[in-house]
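Trainee: Could we go through this model piece by piece, starting with the sheet?

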Amino acid sequence: MTALVIFESMFGNNRKLAEAVAQGIAPQRPATVVEVGSAPTSVDATVTLLVVGGPTHGFGMTRPNTRRDAAKQAAGALVSTGIGVREWLEAASVPAGIAAAAWDTRVERPAFLKLIDRSAEGMAKGLKRLGCHLVVPPQHFAVQGVQGPLGPNELERARRWGEQLAQAALGN
Ligand SMILES: Cc1cc2nc3c(=O)[nH]c(=O)nc-3n(C[C@H](O)[C@H](O)[C@H](O)COP(=O)(O)O)c2cc1C
């Protein structure tokens, strides 16, 4: 019974969130955090809870062209330099019926625009296609600009969300 937390991140915000989510899960079960480019495409049978997260680019999950745009804007080196969550979900196989959850980050902006930002919803759809059982609705965390930082209190909110989803996955 272990948890695998897979993140994608250009500027580092989702890496921090992934660590916070894993901290929230850890009292319930061991949790490993892996950058998506290093994540196994065949998820081990010991994994019973899978959590994926990453940025919103162009209202959805990143694509090769949006990642190139991010690279042009980055002050330093990008965290994720290979595939994104979208490509991982297309290639992965996971143990049947495992518990899962998805999060994304998006820039704080007017409510009507939030309705069309659907990165985590896309991830949730991909997880369902893989046969996962979503234990909580897709979650969103705020960044204050394209490169961050995270909104105030978002790391604590991520830790609590990790706790809640691990609780919801009890029995898996
Ligand atoms: C090419 C590109 C497109 C983006 N499109 C959106 C968008 O549609 N909606 C949004 O809220 N944020 C958008 N952003 C901002 C990202 O959400 C932000 O960079 C990300 O959440 C930061 O997380 P990271 O540091 O883990 O990459 C975009 C950023 C880039 C580089």
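Predicted model: local features only at pLDDT ≥ 70, side-chain atom pairs only at ≥ 80, totals over all residues.

Trainee: Which residue of β6 is the bridge partner of W103?
Mentor: β4 and β6 are parallel strands joined by five bridges. One of the pairs involves W103, and its partner in β6 is Q139.

Trainee: How many bridges join β4 to strand β5 (residues 133-134)?
Mentor: Here, too, the strands run parallel. A99 stands opposite H133 in β5. The number of bridges between β4 and β5 is two.

Trainee: In β4, which residue is the bridge partner of L50?
Mentor: Strand β3 (residues 47-55) pairs with β4 in the parallel sense, over seven bridges. In β4, the partner of L50 is A100.

Trainee: How many of the nine residues of β4 are buried?
Mentor: A residue counts as buried when 20 or more other C-beta atoms lie within 10 Å of its own. By that test β4 is mostly covered. The buried residues in β4 number seven.

Trainee: What is the bridge partner of I6 in β2?
Mentor: Strand β1 (residues 2-7) and strand β2 (residues 31-35) run parallel and are joined by five bridges. With helix α1 (residues 13-25), β1 and β2 make a right-handed β-α-β unit. The partner of I6 in β2 is V34.

Trainee: Is R15 buried or partly exposed?
Mentor: R15 is found in helix α1. Because R15 has 18 C-beta neighbours inside 10 Å, it counts as partly exposed.

Trainee: Which element gives the most residues to the shell around the ligand?
Mentor: α1, α2 (64-73) and β4 (99-107) each supply at least two residues of that shell. The element that gives the most, with four residues, is α2.

Trainee: Of the 22 residues around the ligand, which come nearest?
Mentor: The shell divides into eight nonpolar, eleven polar and three charged residues. Those that come nearest to the ligand are S9, F11, N14, T105 and R106.

Trainee: How far apart are the end C-alpha atoms of helix α6 (residues 154-168)?
Mentor: The helix has 15 residues, and at 1.5 Å a residue it should span 21 Å. The model agrees with that expectation, as the end C-alpha atoms are separated by 21 Å.

Trainee: Within what arc do the buried residues of α6 fall?
Mentor: The buried residues of α6 are E154, A158, W161, G162, L165 and A166. Seen down the helix axis, they line one face, because they fall within an arc of 130°.

Trainee: What is omega for the peptide bond that joins G148 and P149?
Mentor: Most peptide bonds are trans. P149 lies in the loop between β6 and α6. The bond joining G148 and P149 is cis, with omega of about 5°.

Trainee: Is N153 buried or exposed?
Mentor: N153 is in the loop between β6 and α6, and its phi is positive, near 75°, although N153 is a residue other than glycine. Because N153 has 11 other C-beta atoms within 10 Å, it is exposed.

Trainee: What is the phi of F59?
Mentor: F59 sits in the loop between β3 and α2. With 13 other C-beta atoms within 10 Å, F59 is partly exposed. F59 is not a glycine, yet its phi is positive, at about 75°.

Note on methods:
Residues numbered from 1 in each chain as written. Pairing = 2+ DSSP bridges. Right-handed = clockwise from strand over helix to strand, strands pointing away. Near = placed C-beta within 6 Å. Nonpolar A, V, L, I, M, F, W, Y, C, P; charged D, E, K, R; others polar. Expected span 1.5 Å × (residues − 1). Buried ≥ 20, exposed ≤ 12 C-beta atoms within 10 Å, placed from the backbone. Arc of directions from axis to C-beta.
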